[in-house]
Amino acid sequence: MLILKLNLLKLDLSENCLSTLRRQAFSADLANLHELNLQSNRLVSLELGAFDGLLRLNTLWLGDNPMIKFLNSRHFSRLPLLAFLYLELPLEMKLSTGGVVLDQSVEHSLQLDLSDQNITRLSQINLSYSEKKEVKRLSLKSNRIASLDR
């Protein structure tokens with residue numbers, strides 16, 4: 001568990017050597033955290049509940065962690081204010097086969113960045129949302145989309 005007796009709003013742990021985030025990896029002392037940057041680590045595993053206690057988190061950066069193999073809505077289900085999720089997923093993770101399924105994960109609109117994912121068709125993206133939850137901004141920059149299919 002990360003123990004910091006600070007009233008942090010932003011924590012940048014990018015470009016480190018983190019490989020696993022265990023359940024409740026972040027201390028309750030970080031309950032006021034608004035932004036968490038975990039980009040460019042060596043993350044392989046994110047246990048369910050890794051972000052528990054980060055009730056005010058609205059921005060989460062997980063990009064450039066090429067070893068992450070599986071994420072789903074349960075990883076983010078206890079982040080009620082999450083509004084921006086930056087995912088730069090490994091090419092092996094197939095969006096169309098449920099590698100990332102975001103449903104019932106946030107209460108508000110979400111900005112989702114799926115840039116540089118080697119996506120060739122829009123049908124590869126599986127975002128299941130209820131009526132109350134929707135992606136408001138979606139970045140598909142630097143993919144290989146050649147046509148707008150249905």
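A word on the source. The model is predicted: local features need pLDDT of at least 70, side-chain atom pairs count only at pLDDT 80 or more, and totals for chains, interfaces and linings use all residues. Residues are numbered from 1 along each chain as its sequence is written, and side-chain values use heavy atoms, with hydrogens and water left out.

Buried is under 20% relative accessible area, exposed is over 50%, and partly exposed is in between, with a 1.4 Å probe and protein chains only.

Take Leu 60. Leaving out residues up to four places away in sequence, Leu 60 touches Leu 36, Leu 38, Phe 51, Phe 76, Leu 79, Leu 82, Phe 84, Leu 85 and Tyr 86. Contact here is heavy atoms within 4.5 Å.

Now the rings. Rings of Phe, Tyr and Trp (its six-membered ring) pair if their centres lie within 6.5 Å; planes under 30 degrees apart are stacked, over 60 edge-to-face, and the rest tilted. Phe 51 and Phe 76 are stacked, at 6.3 Å centre to centre and 15° between the planes. They sit 25 residues apart: Phe 51 in the loop between β4 (45-46) and β5 (59-61), Phe 76 in the loop between β6 (71-72) and β7 (84-86). Strands are DSSP runs (E, at least two residues), numbered from the N terminus. Phe 51 is buried at 1%, and Phe 76 is buried at 1% as well.

Next, Trp 61 and Tyr 86. Their ring centres are 5.3 Å apart with planes at 40°, so this pair is tilted. Trp 61 is in strand β5 and Tyr 86 in strand β7, so the pair ties together parts 25 residues apart in sequence. Buried or partly exposed? Trp 61 is partly exposed at 23%; Tyr 86 is buried at 11%.

One more on rings: ring pairs link Phe 26, Phe 51 and Phe 76 into a cluster.

Last, Asn 41. Asn 41 lies in the loop between β3 (35-37) and β4. A polar atom of its side chain lies 3.0 Å from the backbone oxygen of Leu 13. Asn 41 also touches residues including Ser 14, Cys 17 and Asp 64.

Key. Helix = DSSP H or I, 4+ residues; strand = E, 2+ residues; numbered from the N terminus. Polar contact = N/O pair within 3.5 Å; in protein donor to acceptor, adjacent residues only side chain to side chain.
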